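Subject: A structure for you to look at

Hi,

Here is the structure I promised to pass on. Have it open while you read, and I'll walk you through what turned up.

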Amino acid sequence: MSSLETPSLPSRGEKRVEPGPQSRNLVNGRVHISEPDPKWPYLFRQEDGRIRGALGDRVLALDHVGSTSVPGLPAKPCVDLLLVVADPADEPAYLPDLEEAGYTLVIREPDWYEHRVLKGPSINLNLHVFGQGCEEIDRMRLFRDYLTADAGARERYTAVKRELSERTWEKIQDYADAKTGIVRDLLAEAEVWRKGNTQDS
């Protein structure tokens with residue numbers, strides 16, 4: 001999801017605001033794809049509690065997204081979280097409290113939905129921050145829900161990820177960008193799937 005694996009999904013040019021922690025998602029230029037780990041939902045719940053404890057009712061929504069949120073899907077061992085706040089550009093309203101809780105801002109993208117990404121204090125994660133009503137929020141959730149519901153989609157996505165993991169990359173974003181085609185195709189299928197479910201309900 002552009003940042004869904006997010007990165008969960010492929011994203012645009014990243015703007016790093018300070019030297020980020022050394023990537024734990026590339027080893028000798030290769031992306032490590034892990035088998036599904038039952039700890040991933042637990043790790044999300046742990047971070048959910050930490051973030052809500054720091055921000056309280058400023059958390060408008062907080063979701064587990066990306067491949068680690070899909071049961072049975074191999075993934076990079078990096079937990080993606082989707083945090084919705086009133087205005088991501090208003091950093092004083094939320095960033096100091098997240099920093100106090102141990103999170104570090106590593107990406108600021110004012111030209112792309114005011115997207116922010118933070119890294120966490122204890123586990124390998126991407127905390128994506130968007131504002132309420134941003135279309136990327138729906139996209140990330142839809143991608144997750146479709147992969148959860150459709151075994152064939154999971155298999156095709158896994159096949160592409162495994163093939164790409166055999167290549168050497170200069171940076172993790174190059175790997176994410178290389179998934180653009182399969183992500184676009186799956187999202188198109190997901191829209192059809194959602195319409196079908198809406199009509200059936």
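Let's start with the sheet: 5 strands form an open sheet in the order β3-β4-β7-β6-β5, with mixed pairing. Two strands count as paired if DSSP finds at least two bridges between them, and the element names come from DSSP runs, with helices (H or I) of at least four residues and strands (E) of at least two, numbered from the N terminus. β3 (61-65) and β5 are the edge strands, each pairing on one side only. On average, neighbouring strands of this sheet are turned by 25° against each other, ignoring direction.

Before going further, a note on the source: this is a predicted model, where local features need pLDDT of at least 70 and side-chain atom pairs count only at pLDDT 80 or more, while totals for chains, interfaces and linings use all residues. Residues are numbered from 1 along each chain as its sequence is written, and side-chain values use heavy atoms, leaving out hydrogens and water.

Back to the strands. As background, strands of a sheet pair through backbone hydrogen bonds, either parallel or antiparallel. Here β6 and β7 pair in the antiparallel sense over 3 bridges, and R116 has V129 in β7 as its bridge partner. Helix α3 packs on the sheet and touches β3, β4 (79-85) and β7. The direction of α3 makes about 40° with that of β3 (axes are lines fitted to C-alpha atoms, for helices over the stretch in contact, with angles from 0 to 180 degrees between N-to-C directions).

Now the inside. Which residues touch the most other members of the largest nonpolar core? They are I51, L83, L98 and L127, out of 23 residues in that core. A nonpolar core here is a set of buried Ala, Val, Leu, Ile, Met, Phe, Trp, Tyr and Cys residues joined through side-chain atoms within 4.5 Å. Buried means under 20% relative accessible area, exposed means over 50%, and partly exposed is in between (1.4 Å probe, protein chains only). α1, β4, α2 (95-100) and β7 each supply at least two residues of this core, and α1 gives the most, with 6 residues. Setting aside neighbours within four places in sequence, I51 is in contact (heavy atoms within 4.5 Å) with residues including L62, L83, L98 and L127. There is also a second, separate core of 13 residues, with Y146, A153, I182 and A190 among them.

Next, the aromatics. Rings of Phe, Tyr and Trp (its six-membered ring) pair if their centres lie within 6.5 Å; planes under 30 degrees apart are stacked, over 60 edge-to-face, and the rest tilted. By this rule there are 6 aromatic pairs. One of them is Y113 with F130, edge-to-face at 6.5 Å centre to centre and 70° between the planes. Y113 sits in the loop between β5 (104-109) and β6 (115-119), and F130 in strand β7 (residues 125-131), 17 residues apart. Is Y113 buried or partly exposed? Y113 is partly exposed because its relative accessible area is 33%, whereas F130 is buried at 0%. W112, Y113 and F130 form one aromatic cluster.

Finally, S34 lies in the loop between β2 (30-31) and α1 (39-55). S34 counts as buried because its relative accessibility is 14%.

Happy exploring!
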